[in-house]
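I opened the notebook to look up a few residues and helix contacts. My entries follow in the order I made them.

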Amino acid sequence: MLTPDPTLLLEHKNRIYRLALRLSAGCVSEAEDITQETLVAALKTFPLFMGKAQLTTWLHTITIRTWRAQQKRSPLKTESLDERDRTEPEDIALRLDLDRAICALTETQREAFVLVKAEGWTHKEAAKILGVPQGTVQARVFEATRRLRELLSEESIK
């Protein structure tokens, strides 16, 4: 049985935060909450980690579960996309369009899309993280990509 190592978990904090930020479509405060909850959950359950999967796979699984739980607790977000923290002003319009489009995806599409297209996991790895068959991840990413193209082309018409 492994003993908890907070230093090891903190080394992965930025990856967890990046995933949380993408899942929350750029909402900094939500991503920070998810990151904190993920690290606490990982520290508590670290003795159960058997090392059969990569540590990053295990941490991303916890991050996804934490995000899902947060969505169930507060499914209606009242924060405006315009009020979110942004780092590069010249990208605001594009990022807002993308944020809106990602928010329009179903939760399952968003999870699969973010893991594969934004985080760079393979379909097989994302399937393991999400606990679904690889074909399901492939279908979700395909549908998410199709839907995002559709939504973003509608935004460019406006």
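**Entry 1: leucine 23.** I started with leucine 23, which sits in helix H2. Helices here are DSSP runs of H or I with at least four residues, strands are runs of E with at least two, and both are numbered from the N terminus. The model is predicted, so local features need pLDDT of at least 70 and side-chain atom pairs count only at pLDDT 80 or more, while totals for chains, interfaces and linings use all residues. Residues are numbered from 1 along each chain as its sequence is written, and side-chain values use heavy atoms, with hydrogens and water left out.

Is leucine 23 buried or exposed? Leucine 23 has a relative accessible area of 0%, so I noted it as buried. (Buried means under 20% relative accessible area, exposed over 50%, and partly exposed in between, with a 1.4 Å probe and protein chains only.) I then listed what leucine 23 contacts, leaving aside neighbours within four places in sequence: Ile64, Trp67, Arg110, Glu111 and Val114. Contact means heavy atoms within 4.5 Å. I also checked isoleucine 34: its C-alpha is 9.7 Å from that of leucine 23, and the two are eleven residues apart in sequence.

**Entry 2: H2 and H6.** Next I looked at H2 (residues 13–23) against H6 (residues 107–118). Their axes come within 10 Å and cross at roughly 135°. Axes are lines fitted to C-alpha atoms, for helices over the stretch in contact, and angles run from 0 to 180 degrees between N-to-C directions. H2 and H6 are therefore oblique to each other. (Under 35 degrees counts as roughly parallel, over 145 as roughly antiparallel, 65 to 115 as roughly perpendicular, and the rest as oblique.)

The crossing of H2 and H6 is right-handed. (Right-handed means the near helix is turned clockwise from the far one by less than a right angle; left-handed means anticlockwise.) From H2, Leu19, Arg22 and Leu23 take part; from H6, Arg110, Glu111, Val114, Leu115 and Ala118. I sorted the residues of this contact into five nonpolar, three charged and no polar. (Nonpolar covers Ala, Val, Leu, Ile, Met, Phe, Trp, Tyr, Cys and Pro; charged covers Asp, Glu, Lys and Arg; the others, Gly among them, are polar.)

**Entry 3: leucine 105.** I moved to the loop between H5 (92–104) and H6, where leucine 105 lies. Leucine 105 counts as buried because its relative accessibility is 4%. Beyond four places in sequence, leucine 105 touches Arg110, Ala144, Arg147 and Leu148. Leucine 148 is 43 residues from leucine 105 in sequence, yet their C-alpha atoms are 7.8 Å apart.

**Entry 4: H4 and H7.** I found H4 (residues 55–73) packed on H7 (residues 123–130) at about 55°, with axes 8 Å apart. That angle makes H4 oblique to H7. H4 passes H7 in a right-handed crossing. Thr57, His60, Thr61, Ile64 and Arg68 of H4 make the contact with Lys128, Ile129 and Leu130 of H7. I counted three nonpolar, three polar and two charged residues in the contact of H4 with H7.

**Entry 5: proline 133.** Proline 133 is in the loop between H7 and H8 (134–157). At 54% relative accessibility, I marked proline 133 as exposed.

**Entry 6: whole chain.** Buried residues make up 40% of its 158 residues.
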